[in-house]
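Hi,

Here is the model I promised to pass on.

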Amino acid sequence: MAEHPLQVTATPATIALIGELRAEHGDDLLFHQSGGCCDGSSPMCYPRREFLVGDDSDVRLGEIGGLPFYISKPQFEYWKHTQLIIDVVPGQGGMFSLENGRGVRFLVRSRLFTDAEFDALREQGKVG
């Protein structure tokens, strides 16, 4: 079976910011991408104890910076053909996301998987 590509990855700027957040808040953090409006349209970083991940409502895409990254199932269906690339850009972070107040925010960039990559993901049960 072919190796599947990463469904989520992060830029060096994102990894650096995750390092800052982990130093300040500890390692018990997670990322979630809900796809809702306003703040929910950006990837958000939360303390795990403050965010309930649902087995029936969220999909774990992988890890970035050693932290789990989840996406809501409806968003996953929309984005399953793409690799999510989490980046950091200037701006105001989500109100409840831990980067808020730093003058930067997380941003999703994406690229379409090749047919071969998507087939590998399908073979390994990562997509339907």
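A quick definition to start: buried means under 20% relative accessible area, exposed over 50%, and partly exposed in between (1.4 Å probe, protein chains only). This is a predicted model, so local features need pLDDT of at least 70 and side-chain atom pairs count only at pLDDT 80 or more, while totals for chains, interfaces and linings use all residues. Residues are numbered from 1 along each chain as its sequence is written, and side-chain values use heavy atoms, with hydrogens and water left out.

On to the aromatics. Rings of Phe, Tyr and Trp (its six-membered ring) pair if their centres lie within 6.5 Å; planes under 30 degrees apart count as stacked, over 60 as edge-to-face and the rest as tilted. Searching the whole structure turns up four aromatic pairs. One of them is phenylalanine 31 with phenylalanine 106, edge-to-face at 5.0 Å centre to centre and 80 degrees between the planes. Both phenylalanine 31 and phenylalanine 106 are buried. What about tyrosine 46 and phenylalanine 51? Their ring centres are 4.7 Å apart and their planes at 20 degrees, so that pair is stacked. Tyrosine 46 is buried, with a relative accessible area of 14%, whereas phenylalanine 51 is partly exposed at 21%.

Phe31 and Phe106 also form one aromatic cluster with Phe69. Phenylalanine 106 has contacts (heavy atoms within 4.5 Å) that include Leu17, Leu21, Cys45 and Ile86, not counting residues up to four places away in sequence.

Cheers
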